[in-house]
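Me: I would like to go through this structure feature by feature. Please start with the domains.

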Amino acid sequence: MTIHARALLFDNDGTLVSSLASVDRCWTRWAGEYGITAEQFARVELHGRPAAEIAADLLPAELVPQAVARIEDLEVDDVPNGGVHLLPGTRAFLDALPAERWAVVTSATRRLAEARLDAVGILPKTLVAADDITRGKPDPEPYLLAARTLGVDPAHCVVFEDAPAGLAAGRAAGMTTVALTTTHRAHELHADLVVENLSALSALVTEQGVEISPRG
């Protein structure tokens, strides 16, 4: 299977980098500070969603702005503690792409996303973060904004995601989807192509765009 694209749109956490250790530390501490029980926390979908939406599911509305600022501070401060690292294949795959052909589309705030990306030496020309949108994944808004920013028809974009919410956003945007089984099992991921991580893919840049193929 070869996928033809004019733009490649990457989720960050769980797709390009792993920050699971940092996320676990910070959200556990955050939940404790706000008196949220393990049972309450377990009922909320965390991965691939903006912190503001998670906080709104767990706390009274008047506490949400303060709580969102607190989790952002905790996560940014935790970046130097070694909780963020590149996932297999990320460096080689991105290095093969022209800067104007790809973007990072994350549910994290811009401040947090830039801190994590900087820690692993990834400098996207285009970054869409939680600050830039009004509705987060699984709504298609983040990916549609990225397509507009790159000047590419959504139908010619490919979304790379590890979370069901992100894949749903890509499908709703009318884009081809590639799922990575870095945080979820393959049967949990509805996508046009499912691979282990970016090391399973090759990218060939052409005059028309980028051809993406499974290796081997």
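Reply: The assignment, automatic or from a database, gives domain 1 (3-16 + 87-214) and domain 2 (20-81). This is a predicted model, where local features need pLDDT of at least 70 and side-chain atom pairs 80 or more, while totals for chains, interfaces and linings use all residues. Residues are numbered from 1 along each chain as its sequence is written, and side-chain values use heavy atoms, without hydrogens and water.

Me: How many salt bridges are there between domain 1 and domain 2?

Reply: A salt bridge is a side-chain nitrogen of Lys or Arg within 4 Å of a carboxyl oxygen of Asp or Glu. Between domain 1 and domain 2 the count is three.

Me: How is a pair of aromatic rings described?

Reply: By the distance of the centres and the angle of the planes. Rings of Phe, Tyr and Trp (its six-membered ring) pair if their centres lie within 6.5 Å; planes under 30 degrees apart are stacked, over 60 edge-to-face, the rest tilted. The structure holds seven aromatic pairs. In one of them, phenylalanine 10 and tryptophan 102 have centres 6.1 Å apart and planes at 80°, so the pair is edge-to-face.

Me: Are phenylalanine 10 and tryptophan 102 buried or exposed?

Reply: Buried means under 20% relative accessible area, exposed over 50%, partly exposed in between (1.4 Å probe, protein chains only). Phenylalanine 10, at 0%, is buried, and tryptophan 102, at 6%, is buried.

Me: Which residues form one aromatic cluster?

Reply: Phe10, Phe93, Trp102 and Phe160. Phenylalanine 93 and phenylalanine 160 are an edge-to-face pair, 5.8 Å centre to centre with 65° between the planes; both are buried.
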